[in-house]
Amino acid sequence: MSCFGGDPNFCPECGNVLPLPGIQDTVRCPRCSFCIPVAEFSGQKIHSTVIFNPVEQSSVVLEDEEDSELKGPVIDRRCSRCNKEGMVYHTRQMRSADEGQTVFFTCIHCRYQEKEDS
Ligand SMILES: [Zn+2]
Ligand SMILES: [Zn+2]
């Protein structure tokens with residue numbers, strides 16, 4: 001099942017190097033005009049790498065957030081859900097620098113979370 005071992009992809013008919021897939025859903029071999037659906041040779045790789053990793057990563061990130069949620073200075077901000085005062089204040093730098101800093105408020109009573117971009 002691995003006629004197309006890696007990059008670049010070769011034509012299974014004549015062994016010619018295939019052009020990179022463009023906006024069409026097929027790649028045509030320039031030498032023998034053999035036609036290959038793009039999904040057939042890029043789909044396999046996408047399946048094995050994309051499906052598992054994000055699930056694993058996001059569950060790790062969620063655990064960290066859970067921990068840090070209620071550690072921080074408590075300010076007199078009124079929770080818009082339970083209407084009690086007292087929310088933990090913490091900031092987080094977003095990944096890209098031009099997005100700036102985001103301030104998070106977590107209610108110490110009901111754990112409702114609000115965020116504000118600064
Ligand atoms: Zn060919
Ligand atoms: Zn609340």
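Me: Is Cys107 buried or exposed?
Reply: Cys107 is buried, because 23 other C-beta atoms lie within 10 Å and the cut-off for buried is 20 or more. Keep in mind that this is a predicted model.

Me: Where does Cys107 lie?
Reply: Cys107 lies in strand 5, which covers residues 101-107.

Me: And what is Cys107 in contact with, leaving aside neighbours within four places in sequence?
Reply: With those neighbours left aside, Cys107 is in contact with Cys79, Arg81, Cys82, Met87 and Tyr112.

Me: Is Cys82 buried, exposed or partly exposed?
Reply: Cys82 is partly exposed, because it has 13 other C-beta atoms within 10 Å, and partly exposed falls between 12 or fewer for exposed and 20 or more for buried. Cys82 sits in the loop between strand 3 (74-78) and strand 4 (85-93). Not counting residues up to four places away in sequence, Cys82 touches Cys107, His109, Cys110 and Tyr112.

Me: What about Cys79, what is that in contact with beyond four places in sequence?
Reply: Beyond those neighbours, Cys79 is in contact with Lys84, Met87, Cys107, His109, Cys110 and Tyr112.

Me: New topic: which residues make up the largest nonpolar core?
Reply: That core has 5 residues, namely Cys79, Met87, Val88, Phe105 and Cys107. Strand 4 and strand 5 each supply at least two of its residues.

Me: Why would nonpolar side chains be found together?
Reply: In soluble globular proteins, nonpolar side chains tend to be buried together.

Me: How many bridges join strand 4 to strand 5?
Reply: There are 7 bridges between strand 4 and strand 5, and the two run antiparallel. As for one facing pair, Gln93 stands opposite Gln101 in strand 5.

Me: And how do strand 5 and strand 6 run?
Reply: Strand 5 and strand 6 (residues 113-117) run antiparallel, joined by 5 bridges. Phe105 has Glu114 in strand 6 as its bridge partner. The hairpin of strand 5 and strand 6 has 5 residues between the strands, and Arg111 there takes a positive phi near 65°.

Me: Let's jump to the other end. Which residues does UniProt's other "binding site" annotation cover?
Reply: According to the UniProt record, again an unreviewed entry, that "binding site" covers Cys11, Cys14, Cys29 and Cys32. They span 22 residues in sequence, yet no two of their C-alpha atoms are more than 8.7 Å apart, so they gather at one spot.

Me: Which is buried and which is exposed, Cys11 or Cys14?
Reply: Cys11 is buried, with 20 other C-beta atoms within 10 Å, whereas Cys14 counts as exposed, with 12 C-beta neighbours inside 10 Å. Cys11 is placed in the segment before strand 1 (26-28), and Cys14 is also found in the segment before strand 1.

Technical notes
Residues numbered from 1 in each chain as written. Chains lettered and ligands numbered in written order. Predicted model: local features only at pLDDT ≥ 70, side-chain atom pairs only at ≥ 80, totals over all residues. Helix = DSSP H or I, 4+ residues; strand = E, 2+ residues; numbered from the N terminus. Contact = placed C-beta atoms within 7 Å. Core = buried A, V, L, I, M, F, W, Y, C linked by C-beta atoms within 7 Å. Pairing = 2+ DSSP bridges. UniProt positions renumbered as here; feature names shortened; annotations may be inferred.
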